[in-house]
Each structure stands twice: as C-alpha cells, then as structure tokens.
Amino acid sequence: MAPSSLLALNTDVLTAICEAIYHTRDVDRARHYNRGMLRGFSTTCKAIRAASVPILFRVLKIRRESLEVSTHILHELLRSGLAPHIRQFSFSPNIPVQILGQYFRSRDPSVLFKTPDDLPNCASAFVEILKAMPSLEYLNFNPNPNFGAPLVEAFYCAFVVQDPPVRMENVKWLAIRSGDTYLRAACPNVTSLTVRMSYDMGLDDPEVWRAGASMVEELSVAELHVARGRENVIHDICVGMSNVKELSLQTPPGGNMTLEAELPHFKSLRSLVRINLPDAPQLDQDFNPPWCGNAYDDYSPEELQQVLQRQRDQANAVCARARRAVRAVFPRIQKVQIGEDLWDLTKLQSTSEDEFDNLEKEEGRFHMKPVFRYD
C-alpha cells in the first residue's frame, strides 16, 4: 500500500526528494541548483527539515565581511552543529571601504584592525571550523590582500600550534594564495589546485608544495604578474607535479602577460595536454582595443568595418603567436584555449608552420572557467 503522506516516507526517500528539488534548475538566477525551493520545502515538517539540512548547508560562503563579523559567523556556525554537512567552503574576510581608505592614506597596518586580537581570534576560529568539517571537498580561502603579512603570520601560527596537525584528507579542490602554504600542507590529496600569486611569502619551507604534488591534475595560477622577479615561487609550486594535464593562467582586468618569458617557468609540467589563457588583449600590451561601444560612434559604417577587421587581424596574430609560444615550451600540447576560443592541435596534419599558424579554431564559444573565484 502506498504511503498516505510525506510523513510516512522513510528518511532515504525524503532525502532523495530533497536532492531532486535542490538540483532543479533555478532559471531566475541561472543556477544549476535551487536552494530557495528546497528552503521553502524544508519548512513543511520536522522530518523534511532533517532530511534537507545536510543538503541546504552543503555549500557555504562567508565573504566580504569584516574580520570581526567573519569571526562571529565562524563561532555561530561551530555552535550550530552544521559544520559536518559542509562540502564546499569559501572564506573571504574583507576590509570595510572606510577602513581601507584610512589605510591607503596612512599606510599604517594597525588601522585595519579594531584590536590586536582580531586576527588571532579569526585565525583560531577558522582552524576550529575546518577541524569540524570532515566532509569538506572544496576549500577557497581568499582574504583581502591588503591584510598583508600580519594575516599570513596569524593564520600560520594558528595552524602550526595544532597537535595533531590539521589534515583535510577529503579536500580535492583547493584555492589559496601563494603565501598560504599551511593550507597546502593540510590538504595533501588535492587534484585541482588554484594559486593566487601574492606579495606575501609563506612561512613554511618551500618543500611543503611537494606534498601530494603528484596527485594534482589541474593547476590554475591567478595574478601571475605578481611573481615577476620571484619565479622561484612558481618553481616551488610546480616541482613534482608530474601528472598535471591542464594549466590555466589569469591576469587581473587590464593586466597582461608575456608568454615567451613566463611560460618557461611551468616547463616542469611534462604531462600537460591543455592550457587555458586569457583573451588576446591580455597577451599583448600593444593590442588594446576599446572595451566601450561608444568608442566607435564617430566612424562611418565603412570605416567601422575596416577598424573591426584590423582588430580581428591583430587578435588572430596575437593568438597565433601565443600558440607558438605554448608549443615551444610544451611540444605535446593538444588543446589551447584563449578567451572563449579553442584550438585543437591534434587536427594538424603536418609539422608545417603555415598550417599551424592558420589552424582554424573550433566552432562555437567555449566558456572560460574562472581561474580564481573572487568570492
């Protein structure tokens, strides 16, 4: 006999229903999950609430909050007992705009903190909440870079005093800054590593990057320009990564990179088959087409067509030069993505340079996944 109500269903069936609701596409927000619908359904009764809570709190982001507020949220989360359900966690403590303005005017780091205990308290709460997340698979740590070395030191100290050391064996996707070596050491089984280059050096021995390096299959590096003059940091990160198949590089808006100079720092990635690069204007500082449509208002239709064709020709030349630079360092590369355009080098029929330069890109637009999620 079929159950007469939802209350008669067992927990496994209720959980399956909650999963189905959660994975209903949220068209209004263009998301592949629908937390809002599940949140409403979870208020139906206690049994459904119990089945939905682990799903509702599977993903948690604490972002753009001050140190004080971030610490308070971490403490409340720890008290709530919800931490064991979290699989994806993003933590991005921020600096209020007014405080940041004071710092830029005075360049006095002390104005960033209300009390000397703000950073140690936040770091301690962060460590405790991570220890309470046994199911964590995805960790994104992205504090405001203007916290600088004091934050690196406070969080490092909070980790090194732990006995036994903090270990997050289930984390497979990790996004950190290059100075956050203590987090790399705590996550030895990462298969997808994202590193945002920072001016603040890590306090661990560079050997920490070797831990689990052979398990990494995807490497992403953001704000590569920060590492200029400190290429040994990139070498430390890449050494031992014998199984990386995909490399993604990113510069901040308006930035640019010189591939001929910067790609060789990644030459130890001998298993690489795919590389993702930013749009053509970020690969050549001399190619800077207008981003605003108003820049073309004064052209006649004929002149506009000529200008746009010149820009297309320039972009094609930049992309061809980028592909040559990539192949010079990674002769076994198979796919090169630049912006939303993709070239499949396995379709080449010969070693002719002309054929290589004139290789047609794949049809369609290929979404460029963000290298570093600024959330």
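**Exercise 1. Find which residues of β7 point one way and which point the other way, and decide whether they are buried or exposed.**

Step 1. E246, S248 and Q250 point one way from β7, whereas L247 and L249 point the other way, and all are buried, where buried means under 20% relative accessible area, exposed means over 50%, and partly exposed lies in between, with a 1.4 Å probe and protein chains only. Strands here are DSSP runs of E with at least two residues, and helices are runs of H or I with at least four residues, both numbered from the N terminus.

Step 2. The general rule behind this pattern is that in a regular strand the side chains alternate between the two faces of the sheet.

Step 3. Counted over the strand, 5 of the 5 residues of β7 are buried, and β7 is therefore described as mostly covered.

Before going on, note that this is a predicted model, in which local features need pLDDT of at least 70 and side-chain atom pairs count only at pLDDT 80 or more, while totals for chains, interfaces and linings use all residues. Residues are numbered from 1 along each chain as its sequence is written, and side-chain values use heavy atoms, with hydrogens and water left out.

**Exercise 2. Work out which strands pair with β7, and in what sense.**

Step 1. On one side, strand β6 (residues 218–222) pairs with β7 in the parallel sense over 5 bridges, two strands being called paired if DSSP finds at least two bridges between them. In this pairing S220 stands opposite S248 of β7.

Step 2. Strand β7 (residues 246–250) is also joined to strand β8 (residues 274–277) by 3 bridges, and these two strands run parallel. The bridge partner of S248 in β8 is N276, and that of L247 is I275.

**Exercise 3. Locate R64 and R107, and say what value phi takes in each.**

Step 1. R64 lies in strand β1, and its phi is positive, about 60 degrees, although R64 is not a glycine. R64 counts as exposed because its relative accessibility is 53%.

Step 2. R107 is placed in the loop between α5 (97–106) and α6 (118–131), and its phi, near 55 degrees, is likewise a positive value in a residue other than glycine.

**Exercise 4. Find where the cis peptide bond at P164 lies.**

Step 1. The cis peptide bond joins D163 and P164, with omega about 5 degrees.

Step 2. P164 is in the loop between α7 (148–160) and β4 (173–177).

**Exercise 5. Sort the residues that line the largest cavity by class.**

Step 1. The lining consists of L224, A227, R228, E231, I234, E262 and H265.

Step 2. By class these are 3 nonpolar, 1 polar and 3 charged residues, with Ala, Val, Leu, Ile, Met, Phe, Trp, Tyr, Cys and Pro taken as nonpolar, Asp, Glu, Lys and Arg as charged, and the others, Gly among them, as polar.

Step 3. A cavity is a set of points on a 1 Å grid over the protein atoms alone where a 1.4 Å probe fits but cannot get out, and lining residues have an atom within 4 Å of a point.

Definitions and conventions:
1 Å grid on protein atoms, 1.4 Å probe; cavity = no way out; pocket = protein on both sides within 12 Å on 5 of 7 lines; lining within 4 Å.
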